[in-house]
Amino acid sequence: MTGAPAESESISLCEALDRVLHKGVALRGDIVLSVADVDLVYLGLQLILCSADTARRVGIVPPPPLRPASRPGGDVE
């Protein structure tokens, strides 16, 4: 079996996820919340979904890991 599946052929969720992670998917969208034709909130969304190997291959640099916020006064047990 090569190429795209025929219309009558179904693929498993695992196979579909494997294809998406191997090739990668990029989504971009805008959301505007408005009341009475007055824009109140604007959200610009960008999403890239791919495997770590695909990201390295195309040169996508991952963001630095998030660090937990430190508590005032230090860590007291």
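The following is a dialogue about a few residues in a predicted model.

Trainee: Why is Thr-54 called buried?

Mentor: The relative accessible area of Thr-54 is 3%. Buried means under 20%, so Thr-54, at 3%, is buried.

Trainee: Where is Thr-54 found?

Mentor: Thr-54 is in helix α2, which covers residues 52-58. Apart from neighbours within four places in sequence, Thr-54 is in contact with Leu-21, His-22 and Lys-23.

Trainee: What makes the pair of His-22 and Thr-54 a polar contact?

Mentor: A polar atom of the Thr-54 side chain lies 2.9 Å from the backbone oxygen of His-22.

Trainee: Why does Ile-31 count as partly exposed?

Mentor: Ile-31 has 43% relative accessibility.

Trainee: Which strands hold Ile-31 and Val-38?

Mentor: Ile-31 lies in β1, residues 25-35, and Val-38 lies in β2. Among the contacts of Ile-31 are Val-41 and Leu-43. The C-alpha atoms of Ile-31 and Leu-43 are 5.1 Å apart, although twelve residues separate the two along the chain.

Trainee: Which residues make the nonpolar surface patch?

Mentor: Ile-31 and Val-38 are among them, and the patch is about 700 Å². Strand β2 gives the most to the patch, with five residues.

Technical notes
Residues are numbered from 1 along each chain as its sequence is written. This is a predicted model: local features need pLDDT of at least 70, side-chain atom pairs count only at pLDDT 80 or more; totals for chains, interfaces and linings use all residues. Side-chain values use heavy atoms; hydrogens and water are left out. Helices (H or I, at least four residues) and strands (E, at least two) are DSSP runs, numbered from the N terminus. Buried means under 20% relative accessible area, exposed over 50%, partly exposed in between (1.4 Å probe, protein chains only). A polar contact is a pair of N or O atoms within 3.5 Å; within protein, one must be able to donate a hydrogen and the other to accept it, and residues adjacent in sequence count only if both atoms are side-chain atoms. Contact means heavy atoms within 4.5 Å. Patches are made of residues with over 30% relative accessible area and no salt bridge: like charges are joined within 9 Å, nonpolar side chains (Val, Leu, Ile, Met, Phe, Trp, Tyr) within 5 Å. Accessible areas come from the Shrake-Rupley method with a 1.4 Å probe; for residues, only the protein chains shown count as cover. A salt bridge is a side-chain nitrogen of Lys or Arg within 4 Å of a carboxyl oxygen of Asp or Glu.
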